[in-house]
Amino acid sequence: MRHRGVRAGLRRRDPWRIIIATTAAGGRNLHQGETTMTIEFRALSPSFATEVDGIDLSQPMTASDVKTLWNAIDRYAVLVFHDQRLSDIQLRDFAAAFGPLEIGRGALQGGKRRLALPQIGDISNLDEENRIRARDDRRRLDSLGNRLWHTDASYMPVPVVLGMLHAVAVPPASVLGGGETQFADMRAAYDALPETMKAEIDGLVVEHDIFWSRGQIGFTEFPPGEREKYPPSPQRLVRRHPGSQRKTLYLSAHASHVVGWPVAEGRLLLWDLTAHATQSQFIHSHRWQVGDLVIWDNRCTMHRGRPHDESQARDLRRATTLDTASTLEQAA
Ligand SMILES: [Fe+2]
């Protein structure tokens with residue numbers, strides 16, 4: 001991978017920021033015009049979310065680069081890159097270095113899409129002709145479910161691992177907000193629970209259902225056959241993150257109820273845990289700029305989109321890596 005000079009704009013004034021400089025590939029010759037081989041991490045808090053600099057994601061990565069980024073993902077769960085300009089093909093190829101890629105619900109629904117590659121999710125307010133979708137557009141209403149705290153695809157039997165969003169067009173700030181994406185640290189939220197609560201929930205299994213989460217915002221119009229295509233899936237409520245070995249809550253708007261409990265009781269527990277896990281001390285809010293790329297680990301975070309001025313284009317492209325086994329088969 002070609003490495004770039006350290007971006008001058010990164011803030012250095014926060015005394016609590018941690019800087020870890022990692023040599024990406026020992027002994028490799030620099031090419032003309034390259035000034036450094038250092039990937040820099042500037043943590044946004046001691047263990048959650050870090051900015052990354054000194055790397056051009058449009059170029060192929062070495063195994064060492066991938067390992068360096070995995071180590072950062074395992075530690076910080078959210079990685080923020082700036083000033084990247086990736087085509088959909090480059091985004092797909094970058095993401096594929098971390099695992100096989102998901103083809104999301106939008107691409108599987110068939111019909112004309114705005115984006116050519118099925119591995120690239122269309123997280124925008126634009127239709128197939130690049131026009132801003134109408135307020136009552138069915139796809140827009142479906143995507144409003146992403147404003148609820150969730151982890152992606154937890155309704156699938158084998159859910160996903162990494163989500164990656166790349167900003168192509170960003171609306172200006174407005175009274176409605178700027179379309180920020182917020183991330184919540186489910187490891188820190190688990191750590192902060194009372195020991196009695198940890199003991200209560202450690203072995204629980206929760207049913208996740210896309211139709212439950214969409215129903216919460218009154219969206220019930222699905223294409224014929226889609227309900228049958230996405231039956232509910234059971235997931236552990238508490239997982240052990242394989243990279244960090246930390247225990248983590250696995251919550252989502254898709255989480256419907258606790259298996260084996262009265263539905264109402266389980267639902268109330270999930271609401272209480274979600275309220276706990278989305279307190280401000282567990283949250284990083286990302287304000288998008290064109291060229292940003294953010295990676296998050298769906299196994300130990302939740303995220304949600306925030307409102308924005310929908311008369312303006314917002315165009316984010318997403319790639320997602322698949323997991324290899326159900327959470328029920330993984331250690332907790
Ligand atoms: Fe999402």
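I looked up the pairing of strand β5 (residues 121-124) first: β5 pairs with β16 in the antiparallel sense over four bridges. Pairing here requires at least two DSSP bridges between the strands, and strands are DSSP runs of E with at least two residues, helices runs of H or I with at least four, numbered from the N terminus. I123 has L316 of β16 as its bridge partner.

The model is predicted, so I note its limits: local features need pLDDT of at least 70 and side-chain atom pairs pLDDT 80 or more, while totals for chains, interfaces and linings use all residues. Residues are numbered from 1 along each chain as its sequence is written.

I then followed β16 to strand β6 (residues 160-169), where the antiparallel pairing runs over seven bridges. L165 stands opposite R318 of β16.

I checked burial in β16 (residues 315-322): six of its eight residues are buried, so the strand is largely enclosed by the rest of the structure. Buried means 20 or more other C-beta atoms within 10 Å of the residue's own, exposed 12 or fewer, partly exposed in between, with C-beta atoms placed from the backbone.

In helix α2 (residues 88-96), I found L91, F94 and A95 buried. They cover an arc of only 95° around the axis, which puts them on the same side of α2; the arc is taken from the directions from the helix axis to the C-beta atoms. Their cover includes β6 and β16, contact being C-beta atoms, placed from the backbone, within 7 Å.

Last, I recorded an open sheet of three strands, ordered β13-β7-β15 with antiparallel pairing. Its edge strands, β13 (283-286) and β15 (301-305), each pair on one side only.

Note on methods: Two residues are in contact if their C-beta atoms, placed from the backbone, lie within 7 Å.
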